[in-house]
Every structure is written in C-alpha cells, then in structure tokens.
Amino acid sequence: MPYGTLICRTATGIVKPLPPELFTVHGGCAEMRWEAMRGAGYHVPADRFFVRNHTSTPIIDAAAWRLELHGSGLGNPRSFGYEDLLALPAVTRDVMIECAGNGRSLFADQQHQRVSGTPWRLGAVGVARWRGVPLSTVLDLAGILPSAVDVMPRGLDPRYVSDGVDHGRVRRPVPVAKALDDVILAYEMNGRPLPPDHGYPVRLVVPSWIGLASIKWVGDIEVSASPLASPWTTAFYRMFGEDHPPEGGPVLTTGGIRSAFELPWGARLAAGRPHVLHGRSWSAGGRITRVEVSVDAGATWHRAELRGSHVCPAWTRWHLSWNPRTTGPHVLMARAADETGTVQPTRTPYNELGYLFDAVVRHPVTVIHF
Ligand SMILES: Nc1nc2c(c(=O)[nH]1)N[C@H]1C(S)=C(S)[C@@H](COP(=O)(O)O)O[C@H]1N2
Ligand SMILES: [Mo]
C-alpha cells in the first residue's frame, strides 16, 4: 500500500459508528436518516453524514501522505505534503455533496421501475462547511499550461472490482474550466480535520456536481493536454436505457433538484394538534425560490416558509404547520422551484442505473389518535 495506507477492517468498511437512529446501512454504504436532521442545524454533523464508498475507508497517515501532480498539461509537475497544503491560503465554503443515485429506490416505489445500484431513499446527501485550498492554487503552483484540458484526481482507496472487472482506483476527470473555478482540496469538515470516512487527509469538493466528482483520499492528480476518461465517465454516471443512446447519454455533471422532510419514513403524528413540518430543498441549478407542501397526496398545495439564506450549492430550510384532523395513512409531498424556473416534476424519466431522481417524493405518514 502506498504512503502507509491501511484498509479498515469492519464489516461495512466504514470506520465511524453507524447507530440505527442515524443511519440505514446498504452494504458498504451508509444513508443518513432524515429525522436525524431535525434540530441539527444547517450543516450535517460528521457523525451522521452519509458515506458512499466503492470499497472501504483507507486509514492514511497524513505525515507520510503526498499529493502528486503529473501529466502533459503541467509545466512544473510537483508534489505537496499535508503541511504544504495547510500553509497555503485557505477558503471556507458551505457545499452540498449528493450522490447521483440519491432517491434511487423511488424509481421502484413510485414509478414501478427496476433500476440497479444502491437503493438510497433520500439520505445520500449532506451539507458541510469545508475548508481547504482552491484547486486552482495548486494547479498554478504546478505550472498548469494553456493546453491543459482535463484534470483527473484519483483516490487512495482500494481498486474497484465489480462483476470480475477491475476498474482501478476511483477517479474521474473534471474539465479545466471547472477545476479552476470553484473546486476545493478540502482538509477540514465542519471545523475539524476530515474524518477517515470522508476523505482524510484530503478530498476534492466539487460544488454543484454529483458526489462522485468529489474524490476522497486523493493521492494524485493527472493534468492532461488531451481529454481523459475513466470507467466513471464511460460505464457509469451516464443515462442508459431505451430513451438514451447505446453508449449512454452525456457524462453526468451537475446534480438535480430535490426536497425532503425531516421526518421518519412512515412517521406517526397525533391527530387534533398542530405539527410543524420541517424540511429542506436544494438544486444544483440555483437558489431555491419556492417550496410548496401537500398533506393530501398532491390534491392541494400550500406555500412553505423558507428560512435563512437561500444559498446554492447547498440547501434551503423550510417549514409549514399542519393540524391533521383525520386519523389513518397520509401522504406528504414537497415540491421545490429554483431561480431558473425549474420545478420538481411528478415523474423522473427512466434510466437503468437510477440516477438523478428529481420527482416529488410521496412521504408516507400515519396520523394516530392522541
Ligand atoms: N476515492 C473515492 N472517492 C469517492 C468515492 C469513493 O468510493 N472513493 N465515492 C464517491 C461518491 S459516488 C460519492 S456520492 C461521494 C460521497 O462522499 P461521502 O462518503 O463523504 O459522503 O464521494 C465520492 N468520492
Ligand atoms: Mo455517488
């Protein structure tokens, strides 16, 4: 293993505790329970931030770790140690990371369609306050050339082998324009060094793009004067299926628009008294401008009250009060609109790998006698 990397040896391959009140475990991945955000503040605390690993969390010694920059797009290829990065001017930013497959299980639940991949409900998303060095700073120090077109970071976690095919280490190119724009090489999450599961010692944070682009445990970055590809831009993270070209649709970049209630799935609420329904909405396209809530499966809609700064690329909190009178099963729905005029649709077009489910989610609750 390079740089003294050890691989964590728990059943899930995840280091942090995964208590059932905070997480639903899917194999080597852990989904945040939305009720864990009730009263938790704007940022997702590290103890409940979702984990999406292709293999398992590596334990890396920051003192021995190096970030190698190499490739035909650099005039001054070089490497950086952890302390070198800490010494460079830092930026701090609230950024959401969301898996492209977030909401995947809803293709089956709501649209009766079969898709493959981790069956996330809506908890493969989180906002944290990230601190680190702009990727552009490091690329400038490595003498990025005008001819550079793609920048490909690669993780130090084990090679990803699926169905007997070795895809190598997790990596995915980002075009130079995005890499120089707002990408961060982050070493802190919510004011503390990154936890092992979230990329310690250093990960990329790529605002507004699907979570995969935010490569964890980055060990090297290739900067190339010719276009780069990886299985994560050819075999995965494209739209496949009947309505898409045989080689797949365009490589996925930005995420979608979604909403979630800070309630358990199947929550029980007492009849005859007011409840405040809390939730969050987000869109990679821009600020959230409106959220409507339905408590009767979409028959009528009410404007929710938005709270705080309506930032992008993070989320907006909202609430609405509800006084349920009739007992029995109810369906709650939240529908967000963003500043570009995009509104959550009632259906998401099918794709085989179940990416970017953006339709309004039908959240079941039961109203009980109190
Ligand atoms: N090296 C590496 N980086 C990675 C991954 C991985 O398995 N290995 N998973 C990606 C995916 S698909 C997502 S959604 C995000 C999840 O980040 P998190 O585990 O910190 O929530 O990390 C991305 N970066
Ligand atoms: Mo992901």
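Modeller: By class, 10 nonpolar, 6 polar and 5 charged residues make up the lining of the largest cavity. Here Ala, Val, Leu, Ile, Met, Phe, Trp, Tyr, Cys and Pro count as nonpolar, Asp, Glu, Lys and Arg as charged, and the others, Gly among them, as polar. This is a predicted model, in which local features need pLDDT of at least 70 and side-chain atom pairs count only at pLDDT 80 or more, while totals for chains, interfaces and linings use all residues. Residues are numbered from 1 along each chain as its sequence is written, chains are lettered from A and ligands numbered from 1 in the order in which they are written, and side-chain values use heavy atoms, with hydrogens and water left out.

Biologist: Which residues lie nearest the centre of the largest cavity?

Modeller: A cavity is a set of points, on a 1 Å grid over the protein atoms alone, where a 1.4 Å probe fits but cannot get out; lining residues have an atom within 4 Å of a point. Of the 21 residues lining the largest cavity, Arg52, Arg203, Gly211, Ser214 and Lys216 lie nearest its centre.

Biologist: What is the volume of the second largest cavity, and where does it lie?

Modeller: Its volume is about 110 Å³. Domain 1 (23-234) and domain 2 (257-368) both contribute lining residues, so the second largest cavity lies between them; the domain bounds come from an automatic or database domain assignment. Among its lining residues are Met96, Trp209 and Trp282.

Biologist: How many salt bridges does the structure hold?

Modeller: Side chains of opposite charge can pair when their charged atoms come close. The criterion is a side-chain nitrogen of Lys or Arg within 4 Å of a carboxyl oxygen of Asp or Glu. The structure holds 14 salt bridges. Arg38, Glu262 and Arg280 are linked in a network of them.

Biologist: Which residue forms a salt bridge with Asp220?

Modeller: Asp220 pairs with Arg154, their closest N and O atoms being 2.9 Å apart. Asp220 lies in strand S16 (residues 218-224) and Arg154 in strand S9 (residues 150-155), so the pair ties together parts that are 66 residues apart in sequence. Strands are DSSP runs (E, at least two residues), numbered from the N terminus.

Biologist: Is Asp220 buried or exposed?

Modeller: Buried means under 20% relative accessible area, exposed over 50%, and partly exposed in between (1.4 Å probe, protein chains only). Asp220 is buried at 10%, and Arg154 is partly exposed at 33%.

Key:
Helices (H or I, at least four residues) and strands (E, at least two) are DSSP runs, numbered from the N terminus. On a 1 Å grid over the protein atoms alone, a cavity is a set of points where a 1.4 Å probe fits but cannot get out, and a pocket is an open set with protein on both sides within 12 Å along at least five of seven lines; lining residues have an atom within 4 Å of a point. Grid points are joined across faces, edges and corners, and a volume is the space filled by probe spheres set on the points.
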